[in-house]
Amino acid sequence: MNLFKISWKNLTSKSLTNSLSILLMAFGVGIISLILNVGRQLDEKFTKNIKGIDMVVGAKGSPLQLILSSIYQLDSPTGNISFSEAKMIARNPFIKKAIPIAMGDSYLGYRIVGTDSTYLSHYQGIVSPGKLFEKPFEAVIGASIADILKLKIGDTFASSHGLDQEGEKHESQKYKVVGILTPNNSVVDNLIITSLQTVWEVHEHDEVKPNALLLLEENTDHNQSKTETDNAITAMLVKFRNPMGLMNIPRNINANTNMQAALPAIEINRLFSLMGVGIDTLKWLAFLIIFVSGLSVFVSLYNSLKERKYEMALMLSMGASRLKLFILLLLEGLFIGLLGYLIGFIFSKTILFLMAKTAQQSYHYQFSVFNYSFDDILIFIACIFICMVAAAIPSIGIYKINISKTLASQ
Amino acid sequence: MITTKGVEYQYGNEIALVFEDINLQKSDSLLILGKSGVGKTTFLHLIGLLLMPTKGVITINSIKTNTLLNNDLVKFRAQNIGVIYQKPHFVNSLSVEENLALATYLAGKSQQKDQLQSLAQSLDIDHLLNKNIKNLSLGEQQRVGIARALMNSPSLILADEPSSSLDDENCQKMVDLLKREAAKIEANLIIVTHDQRLKMEFENQITLTKN
């Protein structure tokens with residue numbers, strides 16, 4: 001016999017009322033934990049991938065779309081820009097690093113990105129096992145792709161046009177896997193990376209197809225059509241040498257060329273502030289649920305104390321100190337808090353697990369499910385604190401019980 | 001052993017209740033009779049140290065109880081006095097056995113399973129130990145109440161109208177049981193009642209009247 005046992009028995013004897021409190025607490029905890037977890041992981045991933053990229057140059061269109069497509073590989077690209085024009089911009093002394101990328105094809109939904117070795121070194125991708133692509137149609141694949149599609153070095157595959165799985169297949173030329181990247185938890189985990197040349201060759205082949213318009217054009221300026229200036233890229237990721245570059249270059253590009261310059265930091269801030277409204281609303285809702293749960297703990301203990309006044313007086317007469325009974329009632333609140341937290345935690349992890357599966361399937365985006373962060377500890381403390389306070393307020397009544405009067409009253 | 005001397009109790013501004021002195025030696029029993037409202041329960045609560053007298057001294061086992069302070073008083077009461085209430089009340093969420101064990105736990109004594117078992121046997125409640133307290137009959141509940149009062153082998157057993165809800169047969173059984181168990185642990189037994197059936201059972205009795 002001890003306080004824990006008595007308290008637990010009291011709790012289970014009123015299982016309906018207490019289940020409600022526990023369930024409410026679990027919902028509140030589950031929602032908050034889920035929001036904070038997803039929010040934090042999105043934030044981490046977004047910030048990690050943005051690191052070192054100050055500006056993205058691409059075709060005119062939505063700047064957010066340009067950022068999402070070229071940095072995060074999430075949206076479709078805005079269009080193509082001329083490689084030679086992009087190279088002109090890259091010559092600016094304020095620019096330290098300029099990484100060209102060309103997209104348009106995919107393999108089983110995984111994007112094929114044509115670029116040069118700077119792209120991999122920017123994301124600190126390490127090719128192991130294998131080597132970097134050298135010849136056309138050699139490709140390096142991200143760790144997740146190798147894992148999920150079971151691709152090994154030496155395997156070949158045919159890309160399909162477009163970024164979804166339904167595109168027309170380019171059967172004539174097959175890619176060959178020459179290297180696999182070690183996992184590094186950035187966007188390259190889910191990419192197939194090849195040389196710019198490869199992407200150009202695939203699409204050159206397309207453009208040679210006889211076409212009335214093309215034939216017409218070929219007659220007029222046949223000589224220019226086959227030069228290197230023809231080559232297009234999707235975007236160019238730029239890092240400035242110093243912040244001075246930020247002052248003029250983007251404005252210049254937007255005003256004087258048919259390209260646009262987008263600043264990832266600004267666009268991502270904009271995206272988060274858009275999402276933030278929804279997240280904040282959910283957060284407040286979850287806090288409200290936790291508060292109501294605290295209220296429910298309060299009401300149920302308040303009522304049960306009224307019913308159990310005689311029991312309390314009895315225990316006092318049998319030698320229990322008032323402090324002991326106060327602790328007994330606090331323990332009931334603590335149990336509700338602990339159970340509510342535990343169920344809420346499992347609930348949030350289950351949802352996160354299901355979300356992670358969906359995100360992996362449709363966006364090739366990984367969430368880690370089994371981690372315990374500082375936020376989780378804060379939620380735990382808040383949850384226990386609310387239950388304890390909700391239990392403590394009615395439990396003060398213990399100190400007001402008149403033993404003799406209560407025992408004589410019935 | 002218990003003696004009271006000049007004990008009075010006053011509720012607020014009402015006229016003080018003055019109680020007759022009592023003096024019990026080891027193993028003595030006493031029946032306190034009186035009509036409703038003469039302060040029987042108040043007297044019992046005073047002797048049971050649940051109330052402090054406004055005047056007078058109660059001495060139990062040669063200890064002047066008015067000298068005991070808070071925690072000492074609570075401990076002294078838990079270890080030396082067992083009370084049987086008019087309607088047996090229990091902690092409803094606990095089983096019969098747990099309610100009995102609660103008495104030793106709250107008195108700060110170590111749990112003795114075999115003592116609980118033998119007490120339950122002698123009160124014929126050993127087959128009820130695992131039952132929920134709410135599912136017992138009144139007579140059974142009364143016996144569990146007696147068992148609980150005896151759990152810590154007190155030197156003073158107090159019973160407040162123990163027979164009020166019992167028929168003649170059960171009333172007789174209960175009286176026999178109380179006498180027997182009190183004798184076993186050489187405890188003083190004090191019963192307050194207005195039940196005339198008990199009159200014949202105890203030699204030593206006083207009648208409270210309105211003063």
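This is a predicted model: local features need pLDDT of at least 70, side-chain atom pairs count only at pLDDT 80 or more; totals for chains, interfaces and linings use all residues.
1. A residue is buried if 20 or more other C-beta atoms lie within 10 Å of its own, with C-beta atoms placed from the backbone. Helix H11 of chain A spans residues 309-317, and seven of its nine residues are buried, so the rest of the structure largely encloses it. Just after H11(A) comes Gly319(A), with a positive phi of about 115 degrees.

2. Next, a helix pair in chain A. Helix H3 (residues 63-70) and helix H10 (residues 264-307) of chain A have axes that come within 9 Å. These axes cross at roughly 105 degrees. Angles of 65 to 115 degrees count as roughly perpendicular, and H3(A) and H10(A) are therefore roughly perpendicular to each other. H3(A) brings Pro63(A), Leu64(A) and Ile67(A) to the contact. H10(A) brings Pro264(A), Glu267(A), Ile268(A), Arg270(A) and Leu271(A). By class, this contact of H3(A) with H10(A) has six nonpolar residues, two charged and no polar ones.

3. The contact between the chains takes 19 residues from chain A and 26 residues from chain B. On the side of chain B that touches chain A, three helices of chain B give two or more residues: H1 (40-47), H2 (70-80) and H3 (96-106). H3(B) gives the most, with six residues. By class, this side of chain B has 14 nonpolar, eight polar and four charged residues.

4. Two residues other than glycine deserve a backbone check. Phi of Lys150(A) is positive, near 55 degrees. Lys150(A) sits in the loop between helix H6 (143-149) and strand S7 (156-157) of chain A. Is Lys150(A) buried or exposed? Lys150(A) has 8 other C-beta atoms within 10 Å and is exposed; the cut-off for exposed is 12 or fewer.

5. Leu49(B) also has a positive phi, near 60 degrees. Its place is the loop between H1 and strand S5 (55-60) of chain B.

6. One peptide bond should be noted. The bond from Ser128(A) to Pro129(A) is cis, with omega near 0 degrees. Where does Pro129(A) lie? Pro129(A) is part of strand S5 (residues 127-130) of chain A.

Technical notes: Residues are numbered from 1 along each chain as its sequence is written. Chains are lettered from A and ligands numbered from 1 in the order in which they are written. Two residues are in contact if their C-beta atoms, placed from the backbone, lie within 7 Å. Helices (H or I, at least four residues) and strands (E, at least two) are DSSP runs, numbered from the N terminus. Ala, Val, Leu, Ile, Met, Phe, Trp, Tyr, Cys and Pro count as nonpolar, Asp, Glu, Lys and Arg as charged, and the others, Gly among them, as polar. Axes are lines fitted to C-alpha atoms, for helices over the stretch in contact, and angles run from 0 to 180 degrees between N-to-C directions. Angles under 35 degrees count as roughly parallel, over 145 as roughly antiparallel, 65 to 115 as roughly perpendicular and the rest as oblique.
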